[in-house]
Amino acid sequence: AFWELSSDRQSGFGIGPIPYTSIMMYCRDWDMDDDMTVTFRALIRKMDAHFIKWNVAKEKISKGKK
C-alpha cells in the first residue's frame, strides 16, 4: 500500500508527503472501517515521514559527493 500511494506524492523542489486524499481514497477502495482507517493513516504517515527523512539525507549525501 505504501508504494502504491507513493506514486501520488508531489515532486518538484523536493519530495512531498503522500496526500491525505490519496490515503482516504485507498481506505474507501478497500472498505476499511473507521478504526482501520485511523490505524492505516497513522501507519502510512509514519512510514512516509521516515521515507522523506531518508530521501532528504540521501540527497544531502549525493550533493556532497558532487
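What percentage of the contacts in the protein with a separation of 6 or more comes from residues 24 or more positions apart? Please then examine the loop residue Arg 9: which residues does Arg 9 touch, not counting those up to four places away in sequence?

A: Residues 24 or more positions apart account for 45% of the contacts in the protein with a separation of 6 or more, a contact being heavy atoms within 4.5 Å. This is a predicted model, in which local features need pLDDT of at least 70 and side-chain atom pairs count only at pLDDT 80 or more, whereas totals for chains, interfaces and linings use all residues. Residues are numbered from 1 along each chain as its sequence is written, and side-chain values use heavy atoms, with hydrogens and water left out.

The confidence of the prediction comes before the detail. The mean pLDDT (the predictor's confidence in each residue, from 0 to 100) is 92 for the protein, and 97% of the residues reach 70 or more. Helix H2 has the highest confidence, at 98, while the lowest is found in H3, at a mean of 92.

The protein contains three helices and zero strands, where helices (H or I, at least four residues) and strands (E, at least two) are DSSP runs numbered from the N terminus. The order of elements from the N terminus is α-α-α. The radius of gyration, taken over C-alpha atoms, is 14 Å, well over the 11 Å that the globule rule (2.2 Å times the number of residues to the power 0.38) gives for 66 residues, so the protein is more spread out than a compact globule. Along the principal axes, the C-alpha atoms fill a box of roughly 50 × 20 × 15 Å. Of the 66 residues, 27% count as buried, buried meaning under 20% relative accessible area, exposed over 50% and partly exposed in between (1.4 Å probe, protein chains only).

Arg 9 lies in the loop between H1 and H2. With a relative accessible area of 12%, Arg 9 is buried. Leaving out residues up to four places away in sequence, Arg 9 touches Phe 2, Ile 15, Gly 16, Pro 17, Ile 18, Pro 19, Asp 48, Phe 51 and Ile 52.

The side chain of Arg 9 forms a salt bridge with that of Asp 48, at 2.6 Å from N to O; the term denotes a side-chain nitrogen of Lys or Arg within 4 Å of a carboxyl oxygen of Asp or Glu. Asp 48 belongs to helix H3 (residues 34-65) and Arg 9 to the loop between helix H1 (2-6) and helix H2 (20-29), so the pair ties together parts that are 39 residues apart in sequence. A search of the whole structure finds one salt bridge. Asp 48 is itself buried, at 2% relative accessibility.

Arg 9 also makes a polar contact, side chain to side chain, with Ser 6 at 3.1 Å. A polar contact is a pair of N or O atoms within 3.5 Å; within protein, one must be able to donate a hydrogen and the other to accept it, and residues adjacent in sequence count only if both atoms are side-chain atoms.

In soluble globular proteins, nonpolar side chains tend to be buried together.

Apart from neighbours within four places in sequence, Ile 23 is in contact with Leu 5, Ile 18, Phe 40, Arg 41, Ile 44 and Arg 45. Met 32, in the loop between H2 and H3, is buried at 18% relative accessibility. Asp 31 lies in that loop as well, but is exposed, with a relative accessible area of 68%. Asp 31 has a positive phi of about 55° although it is not a glycine.
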